Amino acid sequence: MISSQLPYLRRYARALTGSGASGDAYVRMVLETLVQDGVAILGPDVDRVALFRLFHRIYAGGHLELGDEAPEAQTLAPGGLLRALPCERREALLLTAVEGFLPAEAAWILGLSQEAVDREIDLAREAFRGSLRSGALRLEDDMTMRLPDAVVAASPLAGGGGMAANVH
């Protein structure tokens with residue numbers, strides 16, 4: 001089970017930290033912990049949820065610190081906007097929207113109440129909606145694109161219907 005989940009844990013760690021090197025370092029710490037302490041550290045249910053919870057216990061230890069520079073608020077790439085979110089909000093959103101955990105599972109992984117996780121997800125989504133409403137997104141190659149007002153209004157994330165504008 002652990003080896004089959006490593007690509008997902010690695011994807012999550014990289015998205016959470018905003019860096020391939022930092023994300024991989026945290027995954028390496030998880031693997032070292034499992035080698036040193038054994039799989040029993042995951043508890044009686046050796047499953048995906050327990051593996052991600054172990055990751056978060058290590059991540060919460062703060063062994064690696066990231067820069068605190070906030071990107072410009074007006075032209076955030078989706079990844080920049082994600083990194084600008086407070087940590088618990090980013091964690092809750094990634095666990096549910098990217099990794100497919102139920103809010104109750106995300107709450108257990110993070111050691112929070114489900115109500116807190118639901119609130120963090122709502123606030124994260126609102127931040128993305130606000131970015132879409134402003135109509136400015138920075139693309140990965142640092143070009144700035146102004147979205148037409150019709151696209152912003154029609155986006156499901158902006159509260160409209162019709163045309164989809166996916167922000168990942």
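1. Let's start with Asp 122, which has its place in helix 7 (residues 114-134) of this predicted model. Asp 122 has a relative accessible area of 48%, so it counts as partly exposed; the cut-off for exposed is over 50%. Between Asp 122 and Leu 93 there are 8.7 Å in space, C-alpha to C-alpha, and 29 residues in sequence.

2. On to the rings: searching the whole structure gives six aromatic pairs. One of them is Phe 52 with Phe 101, an edge-to-face pair with 5.0 Å centre to centre and 70° between the planes. This pair connects distant parts of the chain, 49 residues apart: Phe 52 belongs to helix 3 (residues 48-60), while Phe 101 is in the loop between helix 5 (87-98) and helix 6 (103-110). Phe 52 is buried because its relative accessible area is 0%, and Phe 101 counts as buried at 5%.

3. Another pair for you to look at is Phe 55 with Tyr 59, which is stacked, with 5.8 Å centre to centre and 10° between the planes. These two residues are four apart in helix 3, so about one helical turn separates Phe 55 from Tyr 59. Both Phe 55 and Tyr 59 are buried.

4. Taking the rings together, ring pairs join Tyr 12, Tyr 26, Phe 52, Phe 55, Tyr 59 and Phe 101 into a cluster.

5. Finally, two arginines deserve a glance. Arg 48 has its charged end over the ring of Phe 101, 4.3 Å from the ring's centre. Arg 53 lies over the face of Trp 108, at 4.2 Å from the ring centre.

Terms used
Residues numbered from 1 in each chain as written. Predicted model: local features only at pLDDT ≥ 70, side-chain atom pairs only at ≥ 80, totals over all residues. Heavy atoms only, no water. Buried < 20%, exposed > 50% of the residue type's maximum accessible area, 1.4 Å probe, protein only. Phe/Tyr/Trp six-rings, centres within 6.5 Å; stacked < 30°, edge-to-face > 60°. Lys NZ or Arg CZ within 6 Å of the ring centre and 35° of its normal.
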